Amino acid sequence: MRVLLIGANGYIGRFVADRLLADPAVQLTALGRGDDADVRFDLATGSPGALTRFLDAVHPGVVVNCAGATRGGARELTRHNTVAVATVCEALRRSGCGARLVQVGCSAEYGPSQPGSSTAEDAVPRPGGPYGVSKLAATELVLGAGLDAVVLRVFSPAGPGTPAGSPLGRLAEAMRRAMQSGDGELRLGGLGAQRDFIDVRDVARAVHAASLSAAQGVINIGSGRAVRLRDAAATLARVAGYGGALHELDGPPGALRPTIGHPRTESVGHRVDSLGHHRTDGLGHHRPDPLGHRADAEHAPPAAHPYPDGCGSWQQADVRTARDRLGWRPRIGLEESLADIWMEAACRI
């Protein structure tokens, strides 16, 4: 089976490549913007005609698209997540290869959900930010293109390679710094959100299964269990051997963030990142603010939503469709995923 993998150098794409390469029946070609891609092509700027000619020459049986952007403004997200997918769909429609398309989507397409509920594929998508909107538009393009196609809506990926800027990555980095400096207290913000974490290696298995199946439409890929980020922090502390105290800085939406503990000689300054999320050092480890801003209680900014995906306080996947149509179930638990995240963070200098 000839498989064309787009985005092989991305967080998910690297593990998908490893999984496909381990299958002796797969002949893999990687297409991307980097120098190490088998074929260099930028979906955001390249023409559908050029990609069509390449598809006709290579004649893949499956095209897997793991490419996309998770950060940036609305224009950049639209270009890399929507326009790029429009190029893939148009090229496949023009090509005579008849390839199956496996598109990697995300749970941010759903937006916020009711606490305690499991989100099934027939839920009405209401993305809460430009990233989710751009990915939902890509899904609609795929489903409306008349192709043999499936969209895997991946919930919160975790495990080795987790980006340092992600919530779990920032949590691990904050803990590493605390242990390195001998701090017996770690103050963290944004721990109230509950997310369905799924190991990136299990995601790669799902992509492989989808490539071999005849399933179409949208399929959720998650663990089927929401975990509060504060519980993930406690598990990470146990895995890391951190014996200090974890203090939480969360407050209800719109409330002022409390300052926990006695004031130190250095001022504690909350900063607001490009997504509008308040943070101190990493996920809230109290350090002097390099920008020199003060966060006295009377001037503290209102608490923004703690998790940067626009999905509110709760997300949990209904994964029955993946089980029934792909024969897929998650295998790797969150503790193992967190242990791998910590191993990489601990080796960071």
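Contact here means heavy atoms within 4.5 Å. The views below show a predicted model, in which local features need pLDDT of at least 70, side-chain atom pairs count only at pLDDT 80 or more, and totals for chains, interfaces and linings use all residues. Residues are numbered from 1 along each chain as its sequence is written, and side-chain values use heavy atoms, with hydrogens and water left out.

View 1. Helix H3, which holds valine 88, spans residues 74–94; helices (H or I, at least four residues) and strands (E, at least two) are DSSP runs, numbered from the N terminus. Apart from neighbours within four places in sequence, valine 88 is in contact with Ile6, Leu43, Leu51 and Leu101. The C-alpha atoms of valine 88 and leucine 51 lie 7.6 Å apart, although 37 residues separate the two in sequence. Valine 88 counts as buried because its relative accessibility is 3%; buried means under 20% relative accessible area, exposed over 50%, and partly exposed in between (1.4 Å probe, protein chains only).

**View 2. Strand S4 and its two partners.** From strand S4 (residues 62–65), Val62 and Val64 point one way and Val63 and Asn65 the other way, and all are buried. Two strands pair if DSSP finds at least two bridges between them. Strand S1 (residues 2–6) runs parallel to S4 and is joined to it by 4 bridges, with leucine 4 opposite valine 63. Strand S5 (residues 100–106) also runs parallel to S4, again with 4 bridges, and here asparagine 65 stands opposite glutamine 103. The β-α-β crossover that leads from S4 through H3 to S5 is right-handed: with the strands pointing away from the viewer, the path from the first strand over the helix to the second runs clockwise.

**View 3. Nonpolar cores and isoleucine 12.** A nonpolar core is a set of buried Ala, Val, Leu, Ile, Met, Phe, Trp, Tyr and Cys residues joined through side-chain atoms within 4.5 Å. The largest has 34 residues, and those with the most contacts inside it are Ile12, Val16, Val64, Leu152, Ile221 and Leu326. Helix H6 (residues 200–212) gives the most to this core, namely 7 residues. Beyond neighbours within four places in sequence, isoleucine 12 is in contact with Cys66, Val104, Val154, Val200 and Val203. A second, separate core of 30 residues includes Ile6, Val85, Cys89 and Leu92.

**View 4. The chain as a whole.** The chain has 9 helices and 15 strands. Of its 349 residues, 52% are buried.
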